Amino acid sequence: MVPLPYYLMLSGVLFACGVTGFLIKRNIITIFMSIELMLNGVNLSFVAFAAHWHALSGQVFVFFVMVVAAAEAAVGLAIIIAVYRTRETLNVDQVNLLKL
Amino acid sequence: MSSSLHLWVIPLLPLAGAAINGFFGRRASKKAVTTVALVFCGLAFAMALYVSARFFSLSLPYQEVIAPWIRAGNFSIDFAFYLDQLSLVMLLVVTGVGFLIHIYSVGYMWDDPGYYRFFSYLNLFMFFMLSLVLANNYLLMFIGWEGVGLASYLLIGFWFTRDSAASAGKKAFIVNRMGDFGFLIGLFLLIKHFGSLTFSNVFARIAPLNPETAGAGLLTAIGILLMFGAAGKSAQIPLYVWLPDAMEGPTPVSALIHAATMVTAGVYMVARSHVIFERAPSALTVVAIIGLLTALFAATIGVAQTDIKKVLAYSTVSQLGYMFLACGVAAFSAGIFHLMTHAFFKGLLFLSAGSVIHALGGEQDMRRMGGLRQKIPWTFWTMTGGTFAIAGIPPLAGFFSKDEILWRAYQASWVYWLIGVFTAFLTSFYMFRLWFMTFFGEYRGDVEKPHGNEPTVIAAHSNDAHASTAHGHGHIHESPKVMLIPLVILAILSFAGGWVGWPGSLGGNNRFDKFLGPVFRTTAPEINAEHAAPGEAAPPEQGTEGAEPHANRRTELMFTGISVAAALLGLFLADLLYRRRPELPEKIAIWLDGLYDAVAHKYYVDELYATLLVKPLIDSSTRILWRGIDQNIIDGAVNETADGARHISDNVRHMQSGNLRSYAGWIALGSALVIAYMIWMGLQ
């Protein structure tokens, strides 16, 4: 059986990858994927804890997160498509009409 | 008192008029404004007549409590009104003369764009003046006192676009504040030592006290402080300087406020407080001396003035001095008598002067008048009545009142009398000078281009033929009827108004004095018993002249003769200098170079005050209060706070780049810091 710290470290690494990707990438799709990565990193820690403590609430929580992530993906992708149609770019730095 | 007199209605009527005109007058037609102003003022007059009709069936003094006002421990003040012979005289003078001047103003102010504003202020003035006169305690009186000051300020600065008018209003207001300071402290002393401000309570508590013969005491202090207040309101030395400047206001205002009513409030207040003054001989002496000096001082200045209204202004100051002289020799009823006749003839003189100014299209300089006798005959005759009345030519009103004051002054001290008679001579001289310069000789003005000193009167009346031409005062014209009728009524009053005080020495019985007697005699016997009059001790007289011995009566007649002679001398001299030998005054002026210069410049009192008081005050205010405290400390603190905030935000605002990923970065950084902190805490 793999001990808990391994899972947590992997979870941390995944999360850090997500954050880094979110911060340095300009393509909005990539940013979106980085968000998913962060969510899944968190999910991993949830299930790891759930298994470790034999508590179901962690696993239930993961389902919630996955549902939210699915909904978010649906809405988010719709927005991205709409943005692409009007702006013809996926570069977030160019989507700056609301900026002063 | 079974049936109430509803005294409170009298002041409230003009207030209602002021409110209606003030709020709605801008949009209302001139006719409506006129109706409102005259009806409410006239109703007040009618009420006053009604009150006087029922007066003799009242038990005096009649008091009427409207509502409780202040209750603090043992101290209590009500909104309450008070009526006795003194208030009744004042009431009739204020409403009567006030109503006449309202009528006159309709004609005089008709073409002024601020017509409704003028009448609103005028009615407001009436309200405050009537509260002052009818108050039953010092506090309500003080409210009226301040209120008439406010109305005076508003009306002096009525043509506020003119710089001189605005600053004259300010000057009047500020000088009055100084007097009010004294008045207030006097009132505080009254509260502290007698625990009340209601007339009847205060006087009842003071009445048993002995006169303070040995120098100063509490009552003397109160008396002098009250006199200081009165000096501010009634333009006495050292606070008279505002009144001549107050002539910047429209002429009806000068007549109503700065001659007939408001400026006499000080005299009324001193007379009202006679119980205090009678027990403070030193304070009385102060009153007499201030009055005497002011009378003389202002009369000499009046001799060299060339502005027709300024002459009358200094004359008013001088006549007020007479009234204070009368009060100062404890002849209060004589002072009030002069107050009444003065209201008639000085109101008349001012209104006539207004009529002259009106006729000349705004000219106020007497050097540019002359020969107006045939051109404006009505004004000439009314002005003549006023002039003879003020000069003290029998049997006109001024003769009786002035003569009584002089006689009573003589009984106190011959010095008072001597200066008084000399002042009477000066009065007669400058008034006849005005009369001759205005109405006799050749017209010296320039008909072609009238000087617009008073903006309102440049345009003519709607019922005049040349109404449409703005500067069309091509020829001199008589004023409209609405102005002449009040003049005629006042002229009749100036002629006959003095007969109520026909002295015993001339076969009358001085009904006025007897009428006012109960007010002032309530405490008088004690005075005569306990301290003899200062100076030439006079036989106890107690205000009525009927009981005089015969020898005394002959002396009195002799003095009457002397004062009439002084008046005639003034007439003769003015006639010589300003009608028969018009080149003489200039020669005399050159001959008396320095003196004439000083007099013409009003003894440089304004300049003296400017250097001694105003300039240091302005300088220190500018340097310490404005630049120092206000700009550096208060503004400095505020500005520093704002500057600091801007400085910090200048630095911090770079965080808010609007770049989404930089925000995310900040969030990540922040959460990383929080996590690091938590881990570090966990490790501890």
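A: A residue counts as buried if 20 or more other C-beta atoms lie within 10 Å of its own, as exposed if 12 or fewer do, and as partly exposed in between, with the C-beta atoms placed from the backbone. This is a predicted model, in which local features need pLDDT of at least 70 and side-chain atom pairs count only at pLDDT 80 or more, while totals for chains, interfaces and linings use all residues. Residues are numbered from 1 along each chain as its sequence is written, and chains are lettered from A and ligands numbered from 1 in the order in which they are written.

We can begin with Ala235(B), which sits in the loop between α8 and α9 of chain B; helices (H or I, at least four residues) and strands (E, at least two) are DSSP runs, numbered from the N terminus. Ala235(B) has 31 C-beta neighbours inside 10 Å and therefore counts as buried. Its phi is near 55°, a positive value in a residue other than glycine. Most residues other than glycine have a negative phi, and most peptide bonds are trans.

Helix α8(B), residues 218–233, and helix α13(B), residues 281–303, have axes that come within 8 Å and cross at roughly 25°; axes are lines fitted to C-alpha atoms, for helices over the stretch in contact, and angles run from 0 to 180 degrees between N-to-C directions. That angle makes α8(B) roughly parallel to α13(B), where angles under 35 degrees count as roughly parallel, over 145 as roughly antiparallel, 65 to 115 as roughly perpendicular and the rest as oblique. The crossing of α8(B) and α13(B) is right-handed: a crossing has this name if the near helix is turned clockwise from the far one by less than a right angle, and is left-handed if the turn is anticlockwise. On the α8(B) side the contact includes Gly223(B), Ile224(B) and Met227(B), and on the α13(B) side it includes Val286(B), Val287(B) and Ile290(B); two residues are in contact if their C-beta atoms, placed from the backbone, lie within 7 Å. The residues of this contact divide into 7 nonpolar, 3 polar and no charged, where Ala, Val, Leu, Ile, Met, Phe, Trp, Tyr, Cys and Pro count as nonpolar, Asp, Glu, Lys and Arg as charged, and the others, Gly among them, as polar.

A further loop and helix pair can be read in the same way. Ala330(B) is placed in the loop between α14 (308–328) and α15 of chain B, and its phi, near 65°, is a positive value in a residue other than glycine. With 25 C-beta neighbours inside 10 Å, Ala330(B) counts as buried. Helix α15(B), residues 332–359, packs with helix α19(B), residues 481–496, at an angle of about 150°, with their axes 9 Å apart, and the two are therefore roughly antiparallel to each other. α15(B) passes α19(B) in a left-handed crossing. Among the residues that meet are Phe344(B), Phe345(B) and Leu348(B) in α15(B), and Met483(B), Pro486(B) and Leu487(B) in α19(B). By class, this contact has 10 nonpolar, 4 polar and no charged residues.
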